[in-house]
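Hello,

Here is the structure that I promised to hand over, and below it you will find what turned up in it. Please have it open while you read.

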Amino acid sequence: MSKVLAFAELRDNKFKKSSFETVKAACGIADRLGVEFAALVIGSGIESVAKELGNYGAARVVAVDEASLATHSNTAYAKIIAEIAKKEGASLVFLPASQMGKDLAPRVGVKVGAGVASDCIALDVVDGNVVGTRPVYAGKGLIDVRVTTAIKVFTLRPNVFTAKPESGTATVEKVSVPLTDTDFGCVVREVKVAEGRPDVTEADIVVSGGRGLKGPEHFHLIEELADVLGGGVGASRAVVDAGWRPHDEQVGQTGKTVSPSMYVACGISGAVQHLAGMSSSKYIVAINKDKDAPIFQVADYGIAGDVFEVLPELTAQLKKTLGK
Amino acid sequence: MKVAVCINHVPDTETKIKVSSDGVSIDKAGVNFMLSPYDEVAIEEGLKIKEKFKGEVTALSLGGDSHKETLRKALAMGVDKAVLLKDEGVRDSFGVAAGLAAELKSLSPDIILFGKQSIDYDGAQVGTLVAEMLGMPSAAVVVKMDVEDGKVFCEREIEGGHEVVETKLPAAFLAQKGLNEPRYPSLKGIMAAKNKPIEEKPAVAAEIRVETTAMKKPVPKSAGKILGTDKSVVPELIRLLHEEAKVI
Ligand SMILES: Cc1cc2nc3c(=O)[nH]c(=O)nc-3n(C[C@H](O)[C@H](O)[C@H](O)COP(=O)(O)OP(=O)(O)OC[C@H]3O[C@@H](n4cnc5c(N)ncnc54)[C@H](O)[C@@H]3O)c2cc1C
Ligand SMILES: Nc1ncnc2c1ncn2[C@@H]1O[C@H](COP(=O)(O)O)[C@@H](O)[C@H]1O
C-alpha cells in the first residue's frame with residue numbers, strides 16, 4: 001500500500017508540466033520517508049499517456065478512465081481522488097497548484113478530513129513530518145506550514161519544482177470509481193483555447209509590457225520578442241485597466257503570479273503590486289528609460305533606455321542568434 | 001433570488017510586511033486594511049444579480065471587529081444586510097470556511113459569491129471548501145456569469161484559455177477580476193450604510209488543520225547591473241543571458 005499519492009493533471013490527454021513537477025516532488029518525499037508512492041490520473045482514453053509518468057519517478061500509476069471524465073469536473077474528480085486516497089491508505093496527497101489542482105484540493109480536503117497547504121514552493125521533511133513553505137501577501141512573506149490532520153494535502157506551485165525526465169517504466173493499473181449524475185455538479189460545455197502563446201503562469205519566459213509602451217498599437221513589440229523566445233505575454237495593471245491588454249495577462253498582486261526562468265519587463269515602473277507577482281522569477285531583465293525606476297532594484301540585467309529603440313533591436317538580434 | 005457574498009478584510013496591497021514578535025504572523029501596527037479586491041468584484045456581481053432578479057444580497061465576513069469596516073463598504077456599495085461572524089482568534093482556511101458554512105446553511109442562499117482568493121494568505125481555498133461543506137457545485141476563477149431560470153452559465157479561466165460551464169442552483173462562484181467593474185459607493189450609499197445595522201454573532205468553533213510554524217521575509221533580490229542606456233548594449237545582454245544566466 002502506498003502512502004504518498006500525487007494527482008497528475010491532464011488537459012486534452014496531455015500532461016501539464018506542473019503535473020510532472022508534482023509527481024517528481026512527491027516521489028522525492030516518498031523516498032525520504034521510505035514509503036510507497038503512486039500517481040493518479042483521471043480522464044478518458046488515458047492508459048498509454050499514463051505510462052509517461054514512469055519518466056518522472058512513478059513506478060505505479062492508478063488510472064481512472066471513463067468517457068464521462070474527459071473534461072474536468074471538480075466534484076467528480078475530487079470524489080475519485082478522495083476514494084483512491086482512502087483505498088491506497090495514502091497519508092499524503094499532492095496536487096499541482098494549477099487552476100485544476102486549486103479547484104480540487106479543498107474538496108478533497110473536506111472529503112478525507114484533511115488540511116490543505118496550498119501553493120507550496122518548497123517541501124521538507126522534519127522529524128518525519130512534511131513541512132511546506134508557501135508565499136503569503138503575494139510573496140512579501142513566506143510561511144512554513146505543517147498540516148495537523150492524519151491525511152495531509154499539499155498543492156505545489158507550477159514552475160518551481162524541477163522535473164527533468166529520466167527514463168523509467170510505470171505499470172498502469174485501471175481502477176474504477178462508481179459515479180452517478182449527481183457527482184457532476186458543474187458540466188463543461190466548451191473549452192475555449194487561446195491560440196498561440198503559452199499562459200504566463202506556465203511559460204518558461206514571460207515578456208511583459210507596461211504604460212511605457214504608450215498605447216495598445218505598440219504591443220506588437222512585446223509580442224514579437226515573446227514569439228522569438230517562445231514565451232508568454234504579460235502586462236502591468238495600468239495597461240490592463242486602460243483596456244490595452246486582456247486582464248488574463250495581468251501580472252501582479254491582483255493578477256497572476258509567475259515564476260519563469262526569465263521575465264522581461266518593458267516600460268514597467270515596478271510598483272510593489274507588480275513586483276509581488278514576478279519577483280520570484282529566476283532572471284529579470286528590465287528595459288525602462290528611467291534609471292531610478294524601482295524595477296531595476298530587482299532586475300538582474302537592466303537597460304536604462306527607450307523601449308522603442310531597444311526592443312526592436314533585441315528582437316532582431318535574438319532572431320539571428322536563435323536562428324529564427 | 002437570495003444572494004450571499006463572503007468578504008474578507010486584508011492588508012492594503014502597498015503594505016510592507018514586518019514579521020511580528022510571535023514569529024508566525026505579520027506585525028499589524030501601522031498596516032491599513034481594505035476589502036479584498038476580488039471580493040469587491042463578488043459584491044458587484046451580487047448587486048447585478050439582484051438588480052436583474054430582485055431579492056436580497058447579504059454580505060458575510062468572519063473575523064474580529066475590524067471586519068466591520070469592510071462590511072460597511074459592502075453596505076455602502078448597496079448590499080441589503082451585513083453579518084459579522086465574530087472571532088478575534090486565528091483561523092486557517094478550513095476554520096474560516098466552517099464558520100461561513102454554518103451560517104450559510106441557515107441562510108440557504110441560491111447563489112454564494114466569493115473572491116477567487118484573499119490577498120493576505122492567498123489561499124484560494126475558502127470558496128471551494130464552503131461549497132463542498134454545503135454539498136453544492138462551484139465554479140472558480142469566473143470571468144463571466146449568466147444567470148437564467150435556476151441555471152448559471154459561466155466562463156472560468158484555465159491556463160491558456162477559458163472553460164464554459166453550466167450549473168444548477170444553488171451553487172457557489174469564485175470571482176476573478178474582469179467579471180465586472182465594481183461600482184464606487186455613492187455618497188448616498190455611504191450615508192445610508194452608516195444607519196444600516198451589522199448583525200453580529202459568534203462564529204462556530206473550528207479546529208486548526210494547517211499550522212504556521214514560522215514566518216520569514218524572502219531574501220531580497222539584489223539589484224543587478226544596468227548594462228547601458230541604449231541599444232548598443234543589446235549584444236552584451238544576449239551574451240549574459242546565454243552564458244551567465246543560461247536562459248536562452
Ligand atoms: C489594489 C491594487 C492592486 C494592484 N495590483 C496590481 C497588479 O496586480 N499588477 C500591476 O502591475 N499593478 C498593480 N497595481 C498598480 C500598480 O500600483 C501600478 O500602478 C502599476 O503597476 C503601474 O503600471 P506601469 O508600470 O505599466 O505604469 P507606470 O507606473 O506609469 O510606469 C511606466 C514606466 O514606463 C517607463 N517608460 C515610459 N516611456 C518609456 C519608454 N519610451 N521606454 C522605456 N520606458 C519607458 C517609465 O519610466 C515608467 O517607469 C495595483 C494597485 C492597487 C492599488
Ligand atoms: N474571513 C473571511 N470572511 C468572509 N469571507 C472570507 C474570509 N476569508 C476568505 N473569505 C472568502 O473566501 C475567498 C477566498 O479566500 P482564501 O481562501 O482565503 O484565499 C475570499 O475571496 C472571500 O470571498
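This is a predicted model: local features need pLDDT of at least 70, side-chain atom pairs count only at pLDDT 80 or more; totals for chains, interfaces and linings use all residues.

Sorted by class, the side of chain A that touches chain B holds 35 nonpolar, 28 polar and 25 charged residues.

The count of salt bridges between chain A and chain B is ten. To look at a salt bridge yourself, go to Lys111(A) and Glu132(B), whose side chains meet at 3.0 Å, taken from N to O.

As for the extent of the interface, 88 residues of chain A are in contact with 78 residues of chain B. The size of an interface is often given as the accessible area lost when the parts come together. For chain A and chain B the buried area is about 7,300 Å², and 56% of it lies on carbon and sulfur atoms.

Strands also pair across the two chains: β13 of chain A, residues 186-193, runs antiparallel to β9 of chain B, residues 161-168, and seven bridges join them. Within this pairing, Val193(A) has Gly161(B) as its bridge partner.

Turning to chain A by itself, you will find eight helices and 18 strands. Its radius of gyration is 21 Å, close to the 20 Å that the globule rule gives for 324 residues, so chain A is as compact as a globular protein of that length. The C-alpha trace of chain A spans about 60 × 45 × 40 Å along its principal axes.

Key. Residues are numbered from 1 along each chain as its sequence is written. Chains are lettered from A and ligands numbered from 1 in the order in which they are written. Side-chain values use heavy atoms; hydrogens and water are left out. Contact means heavy atoms within 4.5 Å. Buried area is the accessible area (1.4 Å probe) that two parts lose on being put together, summed over both. A salt bridge is a side-chain nitrogen of Lys or Arg within 4 Å of a carboxyl oxygen of Asp or Glu. Ala, Val, Leu, Ile, Met, Phe, Trp, Tyr, Cys and Pro count as nonpolar, Asp, Glu, Lys and Arg as charged, and the others, Gly among them, as polar. Two strands pair if DSSP finds at least two bridges between them. Helices (H or I, at least four residues) and strands (E, at least two) are DSSP runs, numbered from the N terminus. The radius of gyration is taken over C-alpha atoms; the globule rule is 2.2 Å times the number of residues to the power 0.38.
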